[in-house]
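Subject: Structure handover

Hello,

Here is the structure I promised to pass on to you. Please open it alongside this note, and my findings follow below.

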Amino acid sequence: MTARVLVLGSGGREHALAWKLAKSLLVNRIYVCPGNGGTANTPKTENINLPLAAPHYHQIVNFAVQNDASNTPLIDLVLPGPEEPLVLGVEKCFRKVGIPVFGPTELAARMEGSKAFSKAFMDRHAIPTAKFRTFSSSQIDEAIHHVRTCGYPIVLKASGLAAGKGVLIPESTEEAIQGLQQIMVANVFGAAGNEVVVEELLRGPEISVLAFSDGHTVVPLPAAQDHKRVGDGDTGLNTGGMGAYAPAPVATPAIMDRIMKETLRPTIDGMRKEGFPFVGLLFVGFMLTDSGPKVLEYNVRFGDPETEALMLLLHDDVDLAAVLLACAEHRLDSVQISIRPGFAVSVILVSGGYPGSYTKGKRIEIGEIPSDVIVFHCGTDLRGDELVTSGGRVIAVTATAPSLDEALASVYAAVDKISFEGKGYRRDIAYRALAAAKTPPVSLTYEQAGVSVDTGNALVESIKPYVRATKRTGSDAEIGGFGGVFDLKAVGYKDPLLVSGTDGVGTKLRIAIETGVHNLVGIDLVAMSVNDLLVQGAEPLYFLDYYGCSKLDVPIATDVVKGIAVGCQQAGCVLIGGETAEMPGMYQDGDYDLAGFAVGVVEREQVLPRNIIEGDVLLGIASSGLHSNGFSLVRKIISLTGLDYSSPCPWNTAETLGQGLLEPTRIYIKHVLPTSRKGLIKGMSHITGGGFIENIPRVLPKGLGCYVDVSGWQLPPIFQYLMREGGVAPLEMARTFNMGIGLVVIVGKEERENVLNALRTEDPSIPVYEIGEVTGTSGLEMRNLEHWAYQ
């Protein structure tokens, strides 16, 4: 195959791409529209003087579909350089005529075309980024209120394309309000400011990561660092970029691994799952914060000046045309993208006055350039045989070498060989990396690694009052030692057996984290373990918890432990100890995980189950709601409804949806244990993950089964809602959720009335139903499932 490639654009990025494409054995001709003075003299390359602006794309398409002698289109692949054509849908123009494009669809290009859209996407897919709110131009009062009350420094971003100028960094609340008025009222950024993203100001080093993707596979290139300010030391006005170098040493292998796992992979997967797969070059700006890399913005094309440096880092055996075609044909995993060792540096030469007003048409003289330097043209033109300036950024002088110092020396030697009136450039490209290399290693502390012993101690002091409230016979509920001590003799058992259990809360935690309600999941944590002890006839004695997080937030952790203490009080057990693990890099920022461990005691002769026979009766004790199982399905169903956790709860409008879902798991100890101790109960089943179908058979002797008649109780509204909105079959509901029955008690027929009366007397507020019977056939039969369909 010999391919003809059409490159759209006129800058240094497009010259660098044409230069690399010209080395491809697959490419016999490159057309650049409109190109510049450098592309005009690149091997295999020809400039095309056609307008690159909507609505004139049809002229370029007509050029591309011209038939050659073999009656095939003139162009085999289109490579757009700038973002505007992609955002305006140029990909579709060529796709309609059967010409593949290395670049995203108009839908996928929204990731750069609308910051409001991309931030919402990051939020949906839990991709690390700054906290934010989005406001339309009519919501200026709400936006002003937000900047006054949010409590953190902010950045204002016009949502649409603003030629790289739509970002304001106010230094005070008053400046922020003035900035909102400029964008939303004065329309200084035009239509780009119809929506404004107000986001948290992040601090740390910035890096750019460019990654190839075919919609499935994603392959990142080495991270680069751009230099946006016009003056040395990052002073002066922002520009399109005064230079770049790669790889950036600050982007360590560990950082790049996190970027791949936390951002690139979820982004590509998320876009595909949402129906707009990304094909092309995804260019992501990151801030390396103390809590890890966070996305500043998405771009949907090659960066400039990063591309000039990165093209030199691609190994000689990398055929760029083969890579681009593999992406366009969704087979990127079939090609290798190897990187040469060393560093690449690009220094931009600019016109006098840039980034303000400047004069074009200045004659450019290029002397003898070292062999390891490439001069890419950014804003040049040919007037006959004379090369002249035609833009603010004029030339990108680029070199690669084994070390950063050597690459810089080559670049700046070449800069001295190029002259034009008013030439300006930065003399400190890569200064961050050079300064870091000269800085002696600092003496690190555990806290600098992300773990604060002092914060852990503060948590212990904060939770002590709640822990002491769980005191009971056998333990004084004092924490802080190496282990918790419990005096088993003090509780008065004659022939005791210890019973232990462990569990977690599952993805119900995600709802707690997203709603900011943390005290209720602590009750769930206790309930999941102590109810498991109860089904064996055991009284819970003590409980231990595990709390794992990336960065310990004392108020949040205190709320969680407060809930655990409440659960322990409900269960009559002591919170005897626990573990708090602060593990940077193991959890995403703001997330935490919980596990609980309970130990109980039962007299040997009262261990359950025992003596279950055919004909025994199944009693169902009402749940408080979902309890703590099935939340992955719950969250999936809620995502399909378009509701969020702050929406009114569909089955109880007096509370929010989040509050309805977070109703804690019922703890049955005080309600059921007294009846169990009387010997009236033969067995129990805690209805957790697996619902009725998985849990009830666990308690039955071999050879016996049971049936559950669902007409025996009214299905609670929450389960009706989930079944209806998710289109979930009744049998699937029964194997996933508790369906309103949190605990099943098995009793002999002769004791049915006694047990019903005892349970209803112990707590009249908790309904108890007769729901089934033990049978002589193994397995579980769900009867009258159609009853649920009519509720």
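Contact here means heavy atoms within 4.5 Å. Please also keep in mind that this is a predicted model.

Let me start with helix α6, which spans residues 115-124 and is mostly covered, with seven of its ten residues buried. Those buried residues are K115, A116, F117, S118, K119, F121 and M122. They pack against α5 (110-113), β5 (132-136), β6 (154-158), β8 (195-200), α9 (253-273) and β16. After α6 comes A126, with a positive phi near 55 degrees.

Strand β16 turns up again in an open sheet of four strands, ordered β10-β9-β15-β16 and paired in the antiparallel sense. β10 (218-220) and β16 (292-299) are the edge strands, each pairing on one side only. On average, neighbouring strands of this sheet are turned by 35 degrees against each other, direction ignored. Within the sheet, β9 (residues 206-214) and β10 are joined by three bridges in the antiparallel sense. A211 has P220 of β10 as its bridge partner.

There is also a hairpin for you to look at. Strand β20 (residues 380-383) pairs with strand β21 (residues 386-389) over four bridges, again antiparallel. Opposite R383 stands E386 in β21. Two residues lie between the strands of this hairpin, and G384 takes a positive phi near 70 degrees.

Next, a helix pair. Two packed helices are described by the angle between their axes and the distance between the axes. For helix α20 (residues 669-677) and helix α24 (residues 752-762), the angle is about 145 degrees and the axes are 9 Å apart. Their crossing is right-handed. On the α20 side, the contact is made by K670, H671, V672, P674 and T675, while α24 brings V755, A758, L759 and E762. Sorted by class, this contact has five nonpolar, two polar and two charged residues.

Finally, the overall layout. The domain assignment gives domain 1 (3-106), domain 2 (131-200), domain 3 (204-334), domain 4 (343-438), domain 5 (449-603) and domain 6 (616-788). Between domain 2 and domain 5, the C-alpha centres lie 44 Å apart.

Happy browsing, and best wishes

Note on methods. Residues numbered from 1 in each chain as written. Predicted model: local features only at pLDDT ≥ 70, side-chain atom pairs only at ≥ 80, totals over all residues. Heavy atoms only, no water. Pairing = 2+ DSSP bridges. Axes fitted to C-alpha atoms, helices over the stretch in contact; angles between N-to-C directions. Left-handed = near helix turned anticlockwise from the far one by under 90°. Nonpolar A, V, L, I, M, F, W, Y, C, P; charged D, E, K, R; others polar. Domains from an automatic or database assignment. Buried < 20%, exposed > 50% of the residue type's maximum accessible area, 1.4 Å probe, protein only.
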